[in-house]
Amino acid sequence: MSEMFANLGLGFSVALSFQNIALAFVGCLVGTLVGVLPGVGPIATIAMLLPITFGLDPVGALIMLAGIYYGAQYGGSTTAILVNIPGEATSVVTTLDGHQMARQGRAGVALGTAALASFFAGCVATVVIAALGAPLTKLALLFGPAEYFSLMVMGLCFAVVLARGSILKAFCMIMLGLLLSTVGTDLETGQERMTFGFPPLSDGIDFAVLAMGVFGFAEVLRNLENPEARDVVRAKIGRLLPGWSDIKQAAMPVVRGTGIGAILGILPGNGAVLGPFASYTVEKKIAKDPSRFGKGAIEGVAGPEAANNAGAQTAFIPLLTLGIPPNAVMALMVGAMTIHGIIPGPQVMTKNPDLFWGMIASMWIGNLMLLVINLPLVGLWVKLLQVPYRLMFPAILIFCSIGIYSVNNQPVDVAFTALFGLFGYLLIKLGFEPAPMLLGFVLGKLMEEKLRQALIISRGSFMTFIERPISAGLLLVAVAILVIALMPAMSKKREEVFTE
Amino acid sequence: MSLNKIEAAQGWRIRSTQDFAGGLFMIGLAALALFLARDLPLGTLRQIGPGMLPKSIAVICAALGALLSLNAMRYKGEKLSGWSWRGVFFVLGAAVVFGLTIRGFEIGPLKVPQLGMLVSGPLVVFIAGLAAEDVRLKELAIFAVAMTTACALLFKYALSLPIPLAPWLLGI
């Protein structure tokens, strides 16, 4: 316990330098600015803004990225409440009641509640990360290649179960992601694999390029098709701070949402996505009058927003302790860290304690920043959202193009992104959800490496994955959740959760 | 949708064009991957070769695709919806034009010098903007110039990213 506070103290001493506070501030501001644009979720935002952190020192860059991340999350909620367009899967739930509140002239209260709920969840999640960081890092040291492989298999199984829509289609997407990850030079033999003999592909497909194409460009194409979906609130924003009766109503949902989100966020395989859905379902189940939900119930904003932010933050735990990104956003973080010469994993905490704890402390600061800068700036976001989409998407496009070009200073990357935009649009048309594909892609390279190592150690015997107890346990969990999800009774429930 | 719906239906016909096409799409991609990876050695389990994973994953993809297509013939599901070529052409075309002109290119006899952001920027905004059905050309042209100026100030000067502005004119 005292060790944890000493560590957090170290973190705050790093994060509270003038430069780092300024970076957190700028990160939150631009993150929100871009995240507010409809159809631009956190993934596209971070991919777009990644280059602006290149010139900084590693600690500063990560602090700024964390700020961008929270800003993008919060920007997504703002869009969900004011325009009824969710920037990404997790803010879908916020549109249900948040947008209704906005239509009733309580947009300000909805935004304020979302910010306060997120802040509370952020504070709790910061402590959770600080508390779990050290023990999980010790656990990670017990992990050999076989355990890592099994853990990632489990993560992918979670991703399949937690994806929206058909399980079979989610499976397809995971495998497609794995397949895409094998493009490029083979790690051991140096042979080129499936590159069409095209030199820019020999390093493999760049994650930022794939993510930006599938989540940035394809999303623009999708939004262009449904112009009627945009419904900017014309009503007054109203006061921002929730009144006493609102607070009383929202308090318990926030606490429950935080708990649900924090636990689900730790799961490998994008558990954080499920948080808001689960929280909404729980609140609706235990409410005295469930019919209020969908018509502007404040609990329907407070709970899911808390769950969303708690999950968004505890998702850092698998990344920082095990080096395994649990979702696409965290995969971008891996990319950013690698650019600065940090390889995420258990060694970060021992080798760069100032970076590790500084980043955790900056998470809290980032949450505080959001509260401080976003609420006063609500008017600005509303103005921004009233810009017609015919001007907004060309602006999104030039940001994306410059962002992608700047990641590697490669013009060909921009053309590749366009190609993946087409690919993503095709996936949308075919009813595939692209998020699991990105996760498969992210974990693919690491899985292949660990699989090969494990099989070399075991001399080609697959039994090694079952004989080692931790690995066997992880695989057992993976099989169990797949079986449960495929049981007819359960699959019905699952559909209910996602359609609500 | 398809797997979870317990709608036993009689006879085989395509009940969900979306899922059916999705299955074919997976099979097609898997076939392409198998073709591209045809010369990569499989290796043995003891020493996995470069071809082992791509090939086995491709086979799994194809199997899942086949399952999806078969399911589409048994269970009802979504239909394929229309495809908007206008968006694809202008939006993605704009990005490609940006990539081609920012640092110049040479394809066969075609040669474009390094035009830089002051040219590529307005191009990308303008071309993309044409995708909107309610496009207003004059407004879009002004917006293209304004956005480029803002981006140049932001990315080149405020963030000092090494992006060429207009090498043929300004030398930067």
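Chain B of this predicted model is divided into two domains, with domain 1 covering residues 17-74 and domain 2 covering residues 85-158. The C-alpha centres of domain 1 and domain 2 of chain B are 38 Å apart. In secondary structure, chain B holds five helices and two strands, and these follow one another from the N terminus in the order α-α-α-β-β-α-α. A compact globule of 172 residues would have a radius of gyration of 16 Å by the globule rule, but chain B reaches 24 Å, well over that figure, so chain B is more spread out than a compact globule. Along the principal axes, the C-alpha atoms of chain B occupy a box of roughly 65 × 50 × 35 Å. Buried residues account for 44% of the 172 residues of chain B. When the contacts within chain B between residues at least 6 apart in sequence are considered, 65% of them join residues at least 24 apart.

Turning to confidence, the mean pLDDT of chain B is 83, and 93% of the residues of this chain score at least 70. Within chain B, helix 1 has the highest confidence, at 91, while strand 1 (residues 105-107) has the lowest, at a mean of 73. For the complex, the predictor reports an ipTM of 0.88 together with a pTM of 0.85.

The C-alpha trace of chain A spans about 65 × 55 × 50 Å along its principal axes. Of the 500 residues in chain A, 62% are buried. Contacts in chain A between residues at least 6 apart in sequence join residues at least 24 apart in 80% of cases.

The next point is how the two chains meet. Here 59 residues of chain A are in contact with 68 residues of chain B. On the side of chain B that touches chain A, two or more residues come from each of helix 1 (17-36), helix 2 (52-74), helix 3 (85-102), helix 4 (117-129) and helix 5 (137-158) of chain B. By residue class, this side of chain B comprises 48 nonpolar, 15 polar and five charged residues.

What does the largest nonpolar core look like, and which residues touch the most other members? This core has 239 residues, and the members with the most contacts to other members are A:Ala211, A:Leu332, A:Leu397, B:Cys61, B:Val91 and B:Val124. Helix 5 (residues 92-140) of chain A supplies the largest share of the core, with 21 residues. Both domain 1 (17-74) and domain 2 (85-158) of chain B contribute residues to this core, so the core lies between these domains. Around A:Ala211, once neighbours within four places in sequence are set aside, the contacts are A:Ile43, A:Ala47, A:Ala328, A:Leu332 and A:Leu438.

A few individual residues of chain A deserve a look of their own. A:Ile339 belongs to helix 13 (residues 328-339) of chain A. Is A:Ile339 buried or partly exposed? A:Ile339 has 16 other C-beta atoms within 10 Å and is therefore partly exposed, as burial requires 20 or more. A:Met173 is 166 residues away from A:Ile339 in sequence, and the C-alpha atoms of the two residues are 28 Å apart in space.

Two loop residues of chain A come next, each considered for its backbone and its surroundings. A:Asn409 sits in the loop between helix 17 (389-408) and helix 18 (411-429) of chain A. The phi angle of A:Asn409 is near 55°, which is positive although the residue is not glycine. A:Asn409 counts as partly exposed because it has 14 C-beta neighbours inside 10 Å. A:Arg459 is located in the loop between helix 19 (434-457) and helix 20 (464-467) of chain A. A:Arg459, likewise a residue other than glycine, has a positive phi near 55°. With 10 C-beta neighbours inside 10 Å, A:Arg459 counts as exposed, because the exposed class takes in residues with 12 or fewer.

Technical notes: Residues are numbered from 1 along each chain as its sequence is written. Chains are lettered from A and ligands numbered from 1 in the order in which they are written. This is a predicted model: local features need pLDDT of at least 70, side-chain atom pairs count only at pLDDT 80 or more; totals for chains, interfaces and linings use all residues. Two residues are in contact if their C-beta atoms, placed from the backbone, lie within 7 Å. Helices (H or I, at least four residues) and strands (E, at least two) are DSSP runs, numbered from the N terminus. Ala, Val, Leu, Ile, Met, Phe, Trp, Tyr, Cys and Pro count as nonpolar, Asp, Glu, Lys and Arg as charged, and the others, Gly among them, as polar. Domain bounds come from an automatic or database domain assignment. pLDDT is the predictor's confidence in each residue, from 0 to 100. A nonpolar core is a set of buried Ala, Val, Leu, Ile, Met, Phe, Trp, Tyr and Cys residues joined through C-beta atoms within 7 Å. The radius of gyration is taken over C-alpha atoms; the globule rule is 2.2 Å times the number of residues to the power 0.38.
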